[in-house]
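Please look at the sequence and the structure before reading on.

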Amino acid sequence: NPGYLTAQRKLSMVLLEQYRVDEAIDFLRRIVDGEPADLQARFLLARTLLQRGRLGEAEREIAMLVRKEPTTPAVQELKAQVYVQRGRLDDGLAVYRRLAVENPGAKAPLQGYLRTLDIKRQQSDEVDMESYLWRSRG
């Protein structure tokens, strides 16, 4: 029932707004277990798991999203976030760079790119930030 799924997703959003994150994760998990094709709930679950640092679980959900929506920018951004959290900064930078080029008006990919670049700079003084920035412009 589509109306029921919409109500369930809304309830999960309310739980998140109330900072009842663990309850929201459990609720979202029940939604995607019962309706695996619900990509909105799966995306929200993946994003919430990622924010909680539950990378293994988030990666599984993101893999399902990538299979269904491989080119969706929001899904690709989640993938980049996993790379960054796993320490695969160059892979994360590559995804953010591609997203920034493909979606020039979008702020999130550029912000993600700059955050990742800053992490990389902090880890190594050898990073040439100017060269990274110019390469990302195409």
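## Gln76

Gln76 counts as buried, at 6% relative accessibility; buried means under 20% relative accessible area, exposed over 50%, and partly exposed in between, with a 1.4 Å probe and protein chains only. This is a predicted model, in which local features need pLDDT of at least 70 and side-chain atom pairs count only at pLDDT 80 or more, while totals for chains, interfaces and linings use all residues. Residues are numbered from 1 along each chain as its sequence is written, and side-chain values use heavy atoms, with hydrogens and water left out.

Gln76 is part of helix α5, residues 73-85. Helices (H or I, at least four residues) and strands (E, at least two) are DSSP runs, numbered from the N terminus. Leaving out residues up to four places away in sequence, Gln76 touches Pro70, Val95, Arg98 and Leu99, where contact means heavy atoms within 4.5 Å. Gln76 and Ile62 are 14 residues apart in sequence, and their C-alpha atoms are 8.9 Å apart in space.

## The whole protein

The protein has eight helices and zero strands. Of its 138 residues, 36% are buried. Its accessible surface comes to about 8,400 Å², and 51% of that belongs to carbon and sulfur atoms. Accessible areas come from the Shrake-Rupley method with a 1.4 Å probe; for residues, only the protein chains shown count as cover.

Among contacts between residues at least 6 apart in sequence, 39% join residues at least 24 apart.

## Two other buried residues

Glu61 lies in helix α4, residues 55-68. With a relative accessible area of 8%, Glu61 is buried. Not counting residues up to four places away in sequence, Glu61 touches Arg29, Val32, Arg42, Leu45, Ala46 and Leu49.

Thr48 is found in helix α3, residues 39-51. Thr48 has 3% relative accessibility and so counts as buried. Apart from its neighbours within four places in sequence, Thr48 is in contact with Leu16, Val21, Ile25 and Leu28.

## Helices α2 and α3

Two packed helices are described by the angle between their axes and the distance between the axes. The axes of helix α2 (residues 21-34) and α3 come within 9 Å and cross at roughly 145°. Axes are lines fitted to C-alpha atoms, for helices over the stretch in contact, and angles run from 0 to 180 degrees between N-to-C directions.

Which residues of α2 and α3 meet? From α2 there are Val21, Ile25, Leu28, Arg29, Ile31 and Val32, and from α3 there are Ala41, Arg42, Leu44, Leu45, Thr48 and Leu49. By class, this contact has nine nonpolar, one polar and two charged residues. Ala, Val, Leu, Ile, Met, Phe, Trp, Tyr, Cys and Pro count as nonpolar, Asp, Glu, Lys and Arg as charged, and the others, Gly among them, as polar.

## Helices α6 and α7

The axes of helix α6 (residues 89-102) and helix α7 (residues 107-123) come within 8 Å and cross at roughly 155°. That makes α6 roughly antiparallel to α7; angles over 145 degrees count as roughly antiparallel, under 35 as roughly parallel, 65 to 115 as roughly perpendicular and the rest as oblique.

Residues of α6 in this contact include Leu89, Leu93 and Tyr96, and those of α7 include Pro109, Tyr113 and Leu117. By class, the contact of α6 with α7 has nine nonpolar, three polar and four charged residues.
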